[in-house]
Amino acid sequence: MGQKCAILWGFVGFVVLLFGILTPTVFNIILHQEMRKMLPLVEGTATYKLWRDVPVPMQMQLWVFDVVNAEEVMEHGVKPYVIEKGPYSYRLRKKKENITFHANSTVTFRQHSWYYFDREMSVGDENDTFTTINNILLGAAYMTRFEYPIIKEMTKLLLEILGGNLYEKYTVRDIIWGYEDPLLKIIKDDILGALNLSYTLDDHFGFFYKWNGSDDGQFTVFTGAEDLTRLSKVDTYNGLNDAPFWSTPYARMLNGTDGTFFPPFLDKQKPLFFYSPEACRTLHMDFDRENIVKDIGTYRYTFPTSLLESGTVNPDNVGFCTPNAHFCMPSGLLNVSGCRDASSAIMSYPHFLGGDPEVINGVSGLHPDPMHHASFLDLEPTSGVPMEVAIRLQIGVYVSNFSKIRQLEHTTSYFHPIFWFNESTLITDGLASQLRTELVEVVQAVSVLHYVLPCVGAVLVVISVVYTLYRRKRQRKLRNQSLENTGQPKPESDSREDDPLLVT
């Protein structure tokens, strides 16, 4: 290898070194440009079709709590003992309809949901029965707790005659999707009808009544066309820019996305916010750990303990105390009665996971376990695409003898779980393969080149310099040997000879 060749390899090495250093910067510029083409929620993008009609299979599993000592609880006020029964599984389909785009880069839509019972994935039929709280009786007592004494007495008399027992048997289908309640029907037909009152009362009750085949409200979200950091972020919900059920600006805020997609280029230090119609509030998740889903690296996010801390513990949550700060729930609970048609529903994590010990110990048979009961969200960090999701929540009620109604006179105060559900999804093999090929492997390749190319370039430069110095030293040695053989004195050191580029 001659001197010119060495210089050429040194130059090539320098170029490779520089290219390796600049590769991530150039690639990030190109990647951001491609994301701006692919991700916005506008017709024609790769994301729009996935957003409009979610192509991945979704499921909802239900577990109900069957009270095995109902008689003892009602007659002697002992602690309820529950046995978990489930899962009762449903295939879930979601599709966005009534889609309208606006000039300010937002889009309005309603998301409809359909639930199809999956007998093969369930422990039994929807007609399986279990014993749980009589929610109509408890709801009537709850609704009248702050009313005038005469209203309380009328409610007490009505429930004495028609209210039934505190615990009754229901089918899974009835308690979830709704049934015609005898007490509500009498109030609607015989009382309100006889008095010709215009008040509208539905004589059906179910915690997910009218959910199947309906939508969860009208969302207006940003498309991300102008700013990808606002992709899928909620602008308004049902025409409002806050959640009016709560009492402080922090509690009322509509922050984050609608939960379908999240902005790209995730930052581990920043929480993910999304608005949940089920919880009637903004929820957030914190980064938990790096994970792998179908050979794709993900960031896993989970709900922090602070999310459902009592307002007496976490001042940020005072606004979720209903009806005011003097009625804060213990930690681990969220009173959603204000947005659930005055029902007495209490939302929590399954088995009161992370709740106040007094809440967990108020009912026997509960076994909170983060492995089975904690929610999580796995996102591909570059695109923000959901890879695997499991949102696990529990519906319960608060039981107390505050109303002095016969059916409640022996009860102590406790929080009673009725059922919990897990709404989950996992990206399909096809979509995972496409994401891996078109994005993940490219990002990984660039990451490898970022380290490999500078190393290769540096090695070439070092080899070129070392070879040049070696060649110079060898030529000097040969020259000196030649002078010695001819008897001529050695020349003085010349600064020009120290420059390897001048050696021929």
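Which residues line the second largest cavity? The points below take up that matter together with confidence, disulfides and backbone geometry.

1. Basis of the note. This is a predicted model, in which local features need a pLDDT of at least 70 and side-chain atom pairs count only at pLDDT 80 or more, while totals for chains, interfaces and linings use all residues. Residues are numbered from 1 along each chain as its sequence is written, and side-chain values use heavy atoms, with hydrogens and water left out.

2. Confidence. The pLDDT, which is the predictor's confidence in each residue on a scale from 0 to 100, averages 84 over the chain, and 75% of the residues score at least 70. Over residues 494–498 the pLDDT falls below 50, and this stretch has 7 contacts in the model beyond near neighbours in sequence, a contact being heavy atoms within 4.5 Å. Residues 500–504 also have a pLDDT below 50, with 11 contacts beyond near neighbours in sequence.

3. Second largest cavity. In answer to the opening question, the lining consists of Ala279, Leu283, Phe303, Leu307, Leu308, Leu334, Met347, Ser348, Tyr349 and Leu393. A cavity is here a set of points, on a 1 Å grid over the protein atoms alone, where a 1.4 Å probe fits but cannot get out, and lining residues have an atom within 4 Å of a point. The space in this second largest cavity is about 60 Å³, where grid points are joined across faces, edges and corners and a volume is the space filled by probe spheres set on the points. The lining divides into 9 nonpolar residues, 1 polar and no charged, with Ala, Val, Leu, Ile, Met, Phe, Trp, Tyr, Cys and Pro counted as nonpolar, Asp, Glu, Lys and Arg as charged, and the others, Gly among them, as polar.

4. Largest cavity. The search of the whole structure finds 3 cavities of 30 Å³ or more, and the largest has a volume of about 100 Å³. Its lining comprises 15 residues, of which Glu309, Asn317, Phe320, Met329 and Leu333 lie nearest the centre. By class, the lining of the largest cavity has 9 nonpolar, 4 polar and 2 charged residues. Strand β13 (residues 333–335) gives the largest share of this lining, 3 residues; helices (H or I, at least four residues) and strands (E, at least two) are DSSP runs, numbered from the N terminus.

5. Glu309. This residue, one of those nearest the centre of the largest cavity, has its place in the loop between β12 (296–302) and β13. Glu309 counts as partly exposed because its relative accessibility is 23%, where buried means under 20% relative accessible area, exposed over 50%, and partly exposed in between (1.4 Å probe, protein chains only). Leaving aside residues up to four places away in sequence, Glu309 touches Asn314, Asn317 and Ser331. Glu309 and Leu334 are 25 residues apart in sequence, and their C-alpha atoms are 9.0 Å apart in space.

6. Disulfides. Taking a disulfide as a pair of cysteine sulfur atoms within 2.5 Å, the count comes to 2. Cys280 and Cys339 form one of them, with their sulfur atoms 1.9 Å apart, and the torsion about this S-S bond is about 85°, so the disulfide is right-handed. The pair links distant parts of the chain, 59 residues apart, with Cys280 in the loop between β10 (272–276) and β11 and Cys339 in the loop between β13 and β14 (345–348). Both Cys280 and Cys339 are buried. Cys321 and Cys328 also form a disulfide, with sulfur atoms 2.0 Å apart; the S-S torsion of this pair is about 95°, so the disulfide is right-handed. Cys321 is buried, with a relative accessible area of 4%. With bonded cysteines counted along the chain, the pattern is 1-4, 2-3.

7. Backbone geometry. Most residues other than glycine have a negative phi, and most peptide bonds are trans. The peptide bond from Gly86 to Pro87 is cis, with omega near 5°, and Pro87 is found in strand β2 (residues 82–101). The bond from Thr322 to Pro323 is also cis, with omega near 5°, and Pro323 is found in the loop between β12 and β13. Asn238, although not a glycine, has a positive phi of about 55°; this residue lies in the loop between β9 (234–237) and α8 (249–252).

Definitions and conventions
On a 1 Å grid over the protein atoms alone, a cavity is a set of points where a 1.4 Å probe fits but cannot get out, and a pocket is an open set with protein on both sides within 12 Å along at least five of seven lines; lining residues have an atom within 4 Å of a point.
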